[in-house]
Amino acid sequence: MSAPLPGAAPQRPVVLIGPMAAGKSFLALHMAKFYGYDFVDADQVIVSRYGVIPTIFAEHGEKYFRDLEADTIAEVLRDPDHANAIFSVGGGAPMTPSVRELLRHELVAYLHVDAGTVLPRISGNRTRPMLQPDPQRRWQELYDARRGCYEELADITLDGTRDRPVAEIAADLEAEITRLRALRAPGTTQEVQS
């Protein structure tokens with residue numbers, strides 16, 4: 001990784017948020033493959049260290065998992081090795097106050113989807129503990145409860161509805177990252193639009 005230019009703001013990861021089964025990890029992997037970002041997935045980090053998430057939920061409960069998740073997110077955001085990452089976090093992560101506070105200081109992209117888009121991905125799913133026992137109903141309840149938080153934190157909102165191709169979503173994300181990083185660069189004056 002090259003050193004930042006003198007006077008340049010240090011690069012930070014782009015944090016990808018949104019509901020379960022939105023396709024955040026798939027989008028982040030696409031960004032890594034085609035745009036040169038590193039890929040970091042909070043759930044994968046947790047699984048590699050602590051075991052599968054349904055087992056963590058079953059043995060220790062949701063609060064224990066949320067604490068692990070918050071610690072993992074804080075650690076990734078502090079790590080300079082992940083400065084060029086698209087960092088996908090779990091659907092419930094922004095609901096934890098400490099995570100929400102961390103994300104207020106990051107470049108956050110929200111992958112918006114709807115129940116119609118997600119339903120084929122979650123029907124009959126038994127691996128997501130938060131969706132049991134009725135995945136469709138629970139997904140909608142969770143999304144309704146979390147949507148305001150996603151929208152509040154988002155610097156970028158991406159349309160992931162109607163099975164939109166990941167390449168289109170990724171192109172939108174890259175264009176917005178480039179635009180927002182340019183606006184936030186030191187010495188850049190932002191034009192006020194009326």
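A polar contact is a pair of N or O atoms within 3.5 Å; within protein, one atom must be able to donate a hydrogen and the other to accept it. In this predicted model, such a contact is found at the start of helix α2, where a side-chain oxygen of D41 reaches to within 3.0 Å of the backbone nitrogen of D43.

Helix α2 spans residues 42–50, and its buried residues are A42, V45 and I46. These three residues lie on the same side of α2, because they cover an arc of only 100° around the axis. The elements against which the buried residues of α2 pack are β2 (38–41), α3 (53–60), α4 (62–78) and β3. Just after α2, the backbone at G51 takes a positive phi of about 105°.

Strand β3, one of the elements packed against the buried residues of α2, is also a pairing partner of strand β1. Strand β1 comprises residues 14–17 and is covered on both faces.

Two parallel pairings involve β1. With β3 (residues 85–88), β1 forms 3 bridges in the parallel sense, and in this pairing V14 stands opposite I86. With strand β4 (residues 107–112), β1 forms 4 bridges, also in the parallel sense; here L16 is placed opposite A109 of β4.

Notes: Residues numbered from 1 in each chain as written. Predicted model: local features only at pLDDT ≥ 70, side-chain atom pairs only at ≥ 80, totals over all residues. Heavy atoms only, no water. Buried < 20%, exposed > 50% of the residue type's maximum accessible area, 1.4 Å probe, protein only. Pairing = 2+ DSSP bridges. Arc of directions from axis to C-beta. Contact = heavy atoms within 4.5 Å.
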